[in-house]
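My entries follow the order in which I looked things up.

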Amino acid sequence: MLRSTLVALLILTGLTTVSAPAAAAPVLISAGKPATASSIEATGLEAGKAVDGNTATRWASAEGSDPQWIRIDLGASYPISRVKLTWETAYASAYRIEVSPDGGTWSSIYSTTTGNGATDDLTVSGTGRYIRVYGTTRATQWGYSLWEFEVYTESSTGGGTPVAANGQLRVCGVKLCNEAGKQIQLRGMSSHGIQWYNQCLNTASLDALATDWKADVLRISMYIQEGGYETNPRLYTDRVHNLIEMATARGMYAIVDWHMLTPGDPNYNLTRARTFFTEIAQRHNAKKNVLYEIANEPNGDSVTWSVIRNYANSLVPTIRQYDPDAPVLIGTPAWSSLGISGPGDQTDTIRANPVTGTNLMYVFHFYAASHGTQYLNALSRAADLLPMFVTEFGTQEASGDGPNNFSRSQQYIDLMAQKKISWVNWNFSDDFRTGAVFTTGTCSSGPYTGTTRLKEAGVWVRDRIRTADDF
């Protein structure tokens, strides 16, 4: 039987002791993060097995030697309030939990010489990027072995965050409502494709989005083709896991955007979508801040509402098997224009033939310099008949580039405020196009706060996100 010295050396970069833990609910931040160890007993017992959320897999160190360790790179500096260690038979009788700002200098936040195995659920206090379990004495002749190494933080600002204020969202009638049943509007930003601009989603930029921009929601845009998910499902699924955790730690809602675009029939990627959303829903179903966008922009003459509806009716049950409550956002015909960019307004068709289920919303996208009165009027009418969510818009042309039309954009903003239609702007990156909010090169070092590194469209949309929420 394989055994290993479980020395969970999780390195939380920047972890320095703090005087008191936060008062908000704990948020798991270690799931799927990079983990390394002093040794492994055998193939299949790597350090990453202790952070994969699977209680049937484990990390195990080499047998018969002390010390051993396992560490986690959280990817950002977090205040740590809780560590939970689920030991296998080969456990540590003496170990320390240590944190570090840089992976080199360590400070102890917990130690024991009387460990008895099973589960150690510990209240701790520290802040940083790296954390490790450092085993000094084995309790058995084997090594150290952990089924799971879980690290938790507290929601960043307690009751002041959008999630703390609203809790689990649901659809009430044709509106988005909070846990108390109040109609609300969320406002925020979409990432660009995380295969190209993942570097723009870092500790500092998301801190700025949450606290300086005062955003309610981050849309995590994962392309399927164009060098995205289909090329490396594990890599991109893990990126989405990480970004969900980063949004959660900052009290923002997270839209998981299945960014299908070419080919335009969502059924082309149905098998991939089932695999992806099964894992996302399994891991994050206990969270109150996750929304699932299952088809970004269905398009093509043959991709009718019937085709999209059949796709949604196949995929929604996959999500509901694990997450019965979270809102699911469903793309509409002709690039989520309700059909206006194709056969014409499909609102009545959608209303007469809705997707089966509850807590479902329908998606509308617009680019103000391309989409004028006809589109604005269609959204206005649809919002009285269907639960609508604008998961992507720009002040520019439909290419995401070109001149801005701020007057038309303001008409949309005013309408969405009046009818409490939640919205997300494209996009939170430093792409060269006018639709990216940051000037080229910003994502290498910032700054992300204020307006010095914002393009004209970035200044405009930041001002509108920052206006007070009506929660």
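I began with Trp 87, which counts as buried because its relative accessibility is 5%, where buried means under 20% relative accessible area, exposed over 50% and partly exposed in between, with a 1.4 Å probe and protein chains only. Trp 87 is found in strand 4, residues 68-87, and I note that helices (H or I, at least four residues) and strands (E, at least two) are DSSP runs numbered from the N terminus. I then looked up a pair of C-alpha atoms, those of Trp 87 and Ile 421, which are 334 residues apart along the chain and separated by 47 Å.

Before going on, I record that this is a predicted model, in which local features need pLDDT of at least 70 and side-chain atom pairs count only at pLDDT 80 or more, while totals for chains, interfaces and linings use all residues. Residues are numbered from 1 along each chain as its sequence is written, and side-chain values use heavy atoms, with hydrogens and water left out.

Whole chain. I looked up the make-up of the protein chain and found 10 helices and 18 strands. Its radius of gyration is 23 Å, which agrees with the value near 23 Å for a compact globule of 471 residues; the radius is taken over C-alpha atoms, and the globule rule is 2.2 Å times the number of residues to the power 0.38. The C-alpha trace spans about 75 × 45 × 40 Å along its principal axes, and 57% of the 471 residues count as buried. Among contacts (heavy atoms within 4.5 Å) between residues at least 6 apart in sequence, 79% join residues at least 24 apart.

Helix 3. This helix covers residues 233-249, and its 17 residues reach 24 Å from the first C-alpha to the last, close to the 24 Å expected at 1.5 Å a residue, the expected span being 1.5 Å times one less than the number of residues. I listed its buried residues, among them Tyr 236, His 241, Glu 245 and Met 246. Just after helix 3, Gly 251 takes a positive phi of about 75°.

Helix 8. In residues 373-383 I found several buried positions, including Tyr 375, Leu 376, Leu 379 and Ala 383. What covers the buried residues of helix 8 includes strand 10 (175-177), helix 7 (347-352), strand 16 (360-367), strand 17 (388-394) and helix 9 (406-418).

Backbone entries. Most residues other than glycine have a negative phi, and most peptide bonds are trans. Against that background I noted Asn 359, whose phi is near 55°, a positive value in a residue other than glycine. Asn 359 sits in the loop between helix 7 and strand 16 and is buried, with a relative accessible area of 15%. Lys 420 also has a positive phi, of about 50°, although it is not a glycine; Lys 420 lies in the loop between helix 9 and strand 18 and counts as partly exposed at 21% relative accessibility.

Which residues are joined by a cis peptide bond with omega of about -10°? They are Asp 66 and Pro 67, and Pro 67 is found in the loop between strand 3 (59-60) and strand 4. A cis peptide bond also joins Gly 446 and Pro 447, with omega of about 0°, and Pro 447 belongs to the loop between strand 18 (422-426) and helix 10 (456-466).
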